[in-house]
Amino acid sequence: MATQDIKSITDQFIANTYARQPILLTRGEGVTLWDDKGNQYTDFLAGIAVCILGHAHPAVADAVCAQARKLCHVSNLFYTEPAAMLAKQLTDHSFADRVFFGNSGAEANEAAIKLSRKYAKENGHPERYRIITAEKSFHGRTMATLSATGQHKIHAGFEPLVEGFDYVPYNDLAAVRSAITDETCAILVEPVQGEGGVIVPDPGYLKGLRELCTENEILLMLDEIQTGMGRTGKLFAHEHFGITPDVATLAKGIANGLPMGAMLATEKAAEALTPGSHASTFGGNPVAAAAALVVVETLLHKGVLENCVSVGATFKDKLLALADSHDCVKNVRGLGLMLGMELDRDAMDLVARLRDKGFLVNCTQGTVLRFVPPLIITEKEIDALCAALDEVLP
Ligand SMILES: *Cc1c(COP(=O)(O)O)cnc(C)c1O
């Protein structure tokens, strides 16, 4: 079908919820994408921090094909091997004892929100149901997760919100301390805020939250949907801060582009969930789980995390150097390969200009260029992007 036809059918028949960039992508390999005209792009977006091993990863493709030929879906009314093995891998390599599988980030957070309320009730606190979340957070677009999100623009038009979320400024322990009441059951935050503009908290922030949660016997729940699966140079971002949560949620990178979400929990927290209390038809789907198994194996044993740490550091240094030579850059921040460059002006037109030069990047909060490439990106591509940035930055 002709490009223009695909665009007009999309614009006419798909719900009008996205402002799409004007290119039609047809193929990818590693960190490179091609459009239908044969133009080539280096991907610094990875489908919004999703394709962490790059596009068309051979081992992921093989695992997906092999599983699709065996069994795509049977429901959680039966045992299947990929989900079992994935749960074992995720718990072996994290604080968690149990995993609940869903299909998206929002669903993983829904599971966490439901778990925290039930946990309070099961542990003798029926009065506790409120969850403290942060301003500028992003937790998803379902009613509960948009209500958890501390951004008015995400709420607008969908009121009344789900009751029971208290927003506090991010990276402000005193604000959290004073927001805790007898009705609080949990704190839910991102270890590094993504959508909010790539905000890394002070080193003591998560530790302080951990202490507050332990003191008050409430759950510390980390939204690692963007930061998890190696994005920040550790398997989970909370490992940088020397703490473990009670609950963590994953999605984005977990299956390199197949839809999957997961909620990790300690045994104590997970005990609140019993047969019939929560469910998802597709959760732990064999095909997505087969892909995720390759992701975990490759991250841990094929040098991907190490690459993320080393090229992430180089990338940040180069962005900082650009900040020195371009006054419009206010700030460069981030961890691993989750980096942001904040400008003193709107950054949307730079996204288009970089695309014209063959680089896909993203802009968040209007003024922050966000770089979340596949974790296999190399210095060569980073050098090329930085040269292009040098040209397009005012
Ligand atoms: C993307 C994201 C979500 C929502 O994930 P969906 O799969 O779009 O539902 C939630 N939290 C964070 C931190 C995210 O980055």
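Mentor: Let's begin with a word we'll need: contact means heavy atoms within 4.5 Å. Helices (H or I, at least four residues) and strands (E, at least two) are DSSP runs, numbered from the N terminus. Keep in mind that this is a predicted model, where local features need pLDDT of at least 70, side-chain atom pairs count only at pLDDT 80 or more, and totals for chains, interfaces and linings use all residues. Residues are numbered from 1 along each chain as its sequence is written, and side-chain values use heavy atoms, with hydrogens and water left out.

Our helix is H13, residues 348-356. H13 lies across E12, E14 and E15, and runs at about 175° to E14. For angles like that, axes are lines fitted to C-alpha atoms (for helices over the stretch in contact), and the values run from 0 to 180 degrees between N-to-C directions.

Now for the strands under discussion. E12, E14 and E15 belong to an open sheet of 4 strands, ordered E11-E12-E15-E14, with antiparallel pairing. Two strands pair if DSSP finds at least two bridges between them. Strand E11 (329-335) and strand E14 (362-364) each have a single partner strand and stand at the edges, so one side of each has no neighbour in the sheet. From one strand to the next, the twist averages 25°. Within this sheet, E12 (residues 338-343) and E15 (residues 368-371) pair in the antiparallel sense over 4 bridges. If you want a spot to look at, find Met341, which stands opposite Leu369 in E15.

H13 also has a helix to meet: its axis and that of H14 (residues 379-392) come within 10 Å and cross at roughly 125°. H13 and H14 are therefore oblique to each other. As for the cut-offs, angles under 35 degrees count as roughly parallel, over 145 as roughly antiparallel, 65 to 115 as roughly perpendicular, and the rest as oblique. The crossing of H13 and H14 is right-handed; a crossing gets that name if the near helix is turned clockwise from the far one by less than a right angle, and left-handed if anticlockwise.

Which residues of H13 and H14 make the contact? From H13 come Leu350, Arg353 and Leu354, and from H14 come Leu385, Ala388, Leu389, Glu391 and Val392. By class, that contact has 6 nonpolar, no polar and 2 charged residues. Here Ala, Val, Leu, Ile, Met, Phe, Trp, Tyr, Cys and Pro count as nonpolar, Asp, Glu, Lys and Arg as charged, and the others, Gly among them, as polar.
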